[in-house]
Amino acid sequence: MNQGSQDDSFVYNMSNCGNNCAKWILKIAEQKDLTVYLQHILRFEGEFKIMIMNTGKIVHNRKEYVRGLLEAERLQEELQDER
């Protein structure tokens with residue numbers, strides 16, 4: 001999943017979306033690549049293919065997704081500590 005409209009460079013801010021949006025994001029992503037911005041963890045269910053842009057890591061289920069987000073957050077904190 002990368003998320004965009006006809007212009008695939010578009011980033012959708014989904015930070016105001018709740019868990020009920022997760023299934024719709026995945027359904028849309030089956031039809032086209034989308035790039036989304038989230039400030040929280042959505043409860044994606046089942047199997048999927050999501051790239052965490054901060055790390056480039058591809059995740060396939062909720063467990064991998066949460067681990068990937070925690071890794072991205074840890075990397076960001078390390079970068080901030082270096083400054």
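In which strand is the place of I58? The answer is strand β4, covering residues 57–59. The model is a predicted one, so to speak of local features a pLDDT of at least 70 is needed, side-chain atom pairs count only at pLDDT 80 or more, and totals for chains, interfaces and linings use all residues. Residues are numbered from 1 along each chain as its sequence is written, and side-chain values use heavy atoms, with hydrogens and water left out.

Overall, the protein has 2 helices and 4 strands, and along the sequence these run β-α-β-β-β-α. Helices (H or I, at least four residues) and strands (E, at least two) are DSSP runs numbered from the N terminus. Buried residues (under 20% relative accessible area, with exposed over 50% and partly exposed in between; 1.4 Å probe, protein chains only) make up 25% of the 83.

Back at I58, a relative accessible area of 31% makes this residue partly exposed. Together with M51 and M53, I58 makes a nonpolar surface patch of about 240 Å². Patches take residues with over 30% relative accessible area and no salt bridge, joining like charges within 9 Å and nonpolar side chains within 5 Å; a salt bridge puts a side-chain nitrogen of Lys or Arg within 4 Å of a carboxyl oxygen of Asp or Glu.

There is a negative patch too, formed by E73, E77, E78, D81 and E82. Of these, E78 sits in helix α2, residues 62–82, and counts as partly exposed at 41% relative accessibility.

Terms used:
Areas by Shrake-Rupley, 256 points an atom, 1.4 Å probe, with all protein chains shown as cover. Lys, Arg positive; Asp, Glu negative; His and termini not counted. Charge placed at Lys NZ, Arg CZ, Asp CG, Glu CD.
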